[in-house]
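Let's take a walk through a protein together, one stop at a time. Have a look at the sequence and the structure before reading on.

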Amino acid sequence: MSASNADRLAESVNKVSVGRVYDYLLGGVHNYAVDQAFAEEQLRLLPDIRDFAVSNRAFLGRAVRYAVEHGIRQFVDIGSGLPTQGNVHEVADEAAPGECSVVYIDNEPIAQAHAEILLERTADPDRHRAIDADFFDGALLWERVLDTGVIDETKPIALLAVALLHFMPPATEPGRVLAYYRDRLPQGSLLALSHIHVDPSDTETLEVSKKLTESYTKKTNSPAMPRSREEIAAFFDGLELAEPGLVWLPEWRPGGEDPYSGEPARSRGLAGVGWKR
């Protein structure tokens, strides 16, 4: 390991990571005391935030299976985070054994290290790769995705941006960057996306959400930024939304158990899948 990479790892261990917090909320083991303390602080503010993580992960699995059912065999997961239950390559291979290729992308050094270990143990190196890159790298990121040799840019791709964009403030223009990736996708591809959203009528949660946002901004490597339904819908510009459209997490093609099945708005997350026709 180079000195610079070692320094990045050391710095990462000592700072709260949203990926490791998410892992902790899902019951994973790839997290540290600093992440656990922060997660418990968030749970005191919003006790069912763990259920959001579970519901969001369930949406990811359903979106992957939907893509496979519709003939897609290539997945690019940007902001994949730490390996935890229901990884993309595991869900895809369960749906289409031996057929799917996956590239995981994260800019967090420890997430990258754990992803490589996971893939060595459970994946096929000819079809599954993990790279250290940032969503905002644009052309460089896409070049590195293709350089893995496991993604064919002429065939449909499922681009996954799940629970990612709410960590990107408006000043960073995530919509512009996402549009670059959408433009790279061949026809027949899809974008699966989820994003934090609070119903405007839920005034109590809006107040809590402000406190959560302030906490993430001050203490983590990624500030949190809820968006309106219209702002989230704009991420799908130029795509054809699959039924049932942009909906609460548990409402997107429900299947299996979900913590919010009876009260979908309490998931505080919108999800959708858009096709590039």
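Which residues in H3 meet which residues in H9? Keep in mind as you look that this is a predicted model. On the H3 side you will find Phe38, Glu41, Gln42 and Leu45, and their partners in H9 are Val208, Lys211, Leu212, Ser215, Tyr216 and Lys219.

Two packed helices are described by the angle between their axes and the distance between the axes. Helix H3 covers residues 33-45 and helix H9 covers residues 203-219; the angle between them is about 165°, and their axes are 10 Å apart. Angles over 145 degrees count as roughly antiparallel, and H3 and H9 are therefore roughly antiparallel to each other. The crossing of H3 past H9 is right-handed.

Next, let's go inside. The largest nonpolar core has 35 residues, and Phe59, Val64, Phe75, Val88, Leu160, Leu190 and Val273 are those with the most contacts inside it. Several helices and strands supply at least two residues each, including helix H5 (88-95), strand S4 (158-162) and strand S8 (269-275). The largest share, eight residues, comes from H4. Apart from this core lies another one, of 31 residues, with Ile131, Leu165, Met168 and Leu191 among them.

Leaving out residues up to four places away in sequence, leucine 160 touches Leu60, Val64, Phe75, Val76, Asp77, Ile78, Val88 and Ala192.

Helix H4 also holds alanine 53. Is alanine 53 buried or exposed? Its relative accessible area is 0%, so alanine 53 is buried. With residues up to four places away in sequence not counted, alanine 53 touches Tyr22, Leu25 and Leu26. Alanine 53 and tyrosine 24 are 29 residues apart in sequence, and 9.7 Å separate them in space, C-alpha to C-alpha.

Finally, let's visit some details of the backbone. Most residues other than glycine have a negative phi, and most peptide bonds are trans. In the loop between S4 and helix H8 (174-184) sits alanine 163, which has a positive phi of about 50°. Glutamate 173 is in the loop between S4 and H8 too, with a positive phi of about 55°. Alanine 163 counts as buried because its relative accessibility is 16%, while glutamate 173, at 43%, counts as partly exposed. The peptide bond from glutamate 243 to proline 244 is cis, with omega near 10°, and proline 244 lies in the loop between strand S6 (240-241) and strand S7 (247-248).

Methods
Residues numbered from 1 in each chain as written. Predicted model: local features only at pLDDT ≥ 70, side-chain atom pairs only at ≥ 80, totals over all residues. Heavy atoms only, no water. Axes fitted to C-alpha atoms, helices over the stretch in contact; angles between N-to-C directions. Helix = DSSP H or I, 4+ residues; strand = E, 2+ residues; numbered from the N terminus. Parallel < 35°, antiparallel > 145°, perpendicular 65-115°, else oblique. Left-handed = near helix turned anticlockwise from the far one by under 90°. Contact = heavy atoms within 4.5 Å. Core = buried A, V, L, I, M, F, W, Y, C linked by side-chain atoms within 4.5 Å. Buried < 20%, exposed > 50% of the residue type's maximum accessible area, 1.4 Å probe, protein only.
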